[in-house]
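Let's take a walk through this fold, starting from the inside. Have the viewer open as you read.

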Amino acid sequence: MAKKCAVITGVTGQDGAYLSQLLLGKGYRVIGVARRSSHYGMATHRLDWLGIGGQVEVVDGDLLDLGGMARIIRDAQPDEVYNLAAQSFVKTSWDQPVLTSQATGVGVTNMLEAVRLEAPGAHFYQASSSEMYGLIQEPIQSEKTPFYPRSPYAVAKLMGHWMTVNYRESFGLHASSGILFNHESPLRGLEFVTRKVTDAVARIKLGLATELRMGNMDATRDWGHAKDYVRAMWLMLQQETADDYVVATNRTVSVRAFVEAAFAHVDLNPDKYIVIDPAFMRPAEVEVLHGNADKAKHKLGWTPEITLEQMIGEMVDADMARHRKAGA
Ligand code: NDP
Ligand code: GDP
């Protein structure tokens, strides 16, 4: 039987790396779309960290370029398309609202168009976000909870989500939207709070830093592990019919509790190192996110396997190892 083929946008990001690993393990041909950069070799550092750098076919492409994306889809004739590319950092979206609208919102329309025109039978995944719930309308959020976005990022994601639903209903595309709650790993970007914390904890423990500057420590998030969450993406595209699914752990924890657990992992007291810095506060905050993934559990048979405590330990240990290696 011919190998299945998947196209992944955002292949240089956290989820792109773990999803590539999952699909390669299942025998897929994986084509990863990456933006052209003058920095040779930088693009595949996450794939390299997972030891799969040479196994993904990386092609140049930008979500804003419909013609280029359509050519990639036409040439690949993929079975599955995972649209993971986005300007994904909430705080930056207030500084770059137009760019965020284009990449994170209109970019989804470009991908849906490319699929509709060039490979309408392909199964399509859109990386939607729990940020769309924003000012939460229910204490625990499911597929039925109304949205109330609180940042340009969340507004753009909402556009992408509804465009995915619309292409499914208008053109019969097998297009699914995964409403994923925050998910982290040692490959998470350093600007996100979890990785910022684990990296700082590692540097403090190794004597390379003396403080950790933080914003709102009271916000709570439903944090899972990226490796578990990419499995849910794949499961969505294996279903007979396309649908929308919340992916979450059903446990919400404060930023403060995350910080305490990360410091505790290396036997340090956070109170000695934390400095609250208004520079890390946001114009509008999402105070609480807490997901109900019962639909994913019952329809996809998906449950998370990695606990928050295991993930924090893995992230701190990986950052310790990175800094030790850099200093060696
Ligand atoms: P990352 O920020 O790690 O990766 C984003 C990817 O998008 C990078 O590969 C980036 O490329 C690429 N990208 C950005 N703009 C463009 C563009 N114009 N054209 C082509 N590629 C582009 O995000 P994650 O891996 O964490 O997340 C994957 C997706 O899931 C994102 O859409 C994110 O918004 C969404 N999501 C993530 C959650 C999480 O907790 N991680 C939760 C819910 C949704 P480059 O390397 O060149 O910057
Ligand atoms: P988000 O949920 O996609 O915005 O993911 P982040 O990891 O960027 O932020 C999660 C929460 O941590 C938000 O409520 C932030 O306000 C809060 N937070 C507190 N301090 C910081 C910080 O220094 N950096 C970041 N990125 N977030 C912080």
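This is a predicted model: local features need pLDDT of at least 70, side-chain atom pairs count only at pLDDT 80 or more; totals for chains, interfaces and linings use all residues.

Residues are numbered from 1 along each chain as its sequence is written, chains are lettered from A and ligands numbered from 1 in the order in which they are written, and side-chain values use heavy atoms, with hydrogens and water left out.

Start with the largest nonpolar core, which has 46 residues. Such a core is a set of buried Ala, Val, Leu, Ile, Met, Phe, Trp, Tyr and Cys residues joined through side-chain atoms within 4.5 Å; buried means under 20% relative accessible area (1.4 Å probe, protein chains only). Leu23, Tyr82, Tyr125, Met236 and Trp302 touch the most other members. Elements giving two or more residues include strand S1 (5–9), helix H1 (14–25) and helix H8 (226–237). Helices (H or I, at least four residues) and strands (E, at least two) are DSSP runs, numbered from the N terminus. H8 supplies the largest share, nine residues.

Apart from this core lies another, of 26 residues, among them Leu212, Met214, Phe258 and Val266.

Now find helix H7 (residues 193–205). Ten of its 13 residues are buried, so H7 is largely enclosed by the rest of the structure. Among the buried ones are Arg195, Lys196 and Asp199. The buried residues of H7 pack against strands S7 (183–184) and S8 (212–214) and helices H9 (255–265) and H11 (308–327). Just after H7, Gly207 takes a positive phi of about 75°.

Technical notes
Buried means under 20% relative accessible area, exposed over 50%, partly exposed in between (1.4 Å probe, protein chains only). The expected span of a helix is 1.5 Å times one less than its number of residues. Contact means heavy atoms within 4.5 Å.
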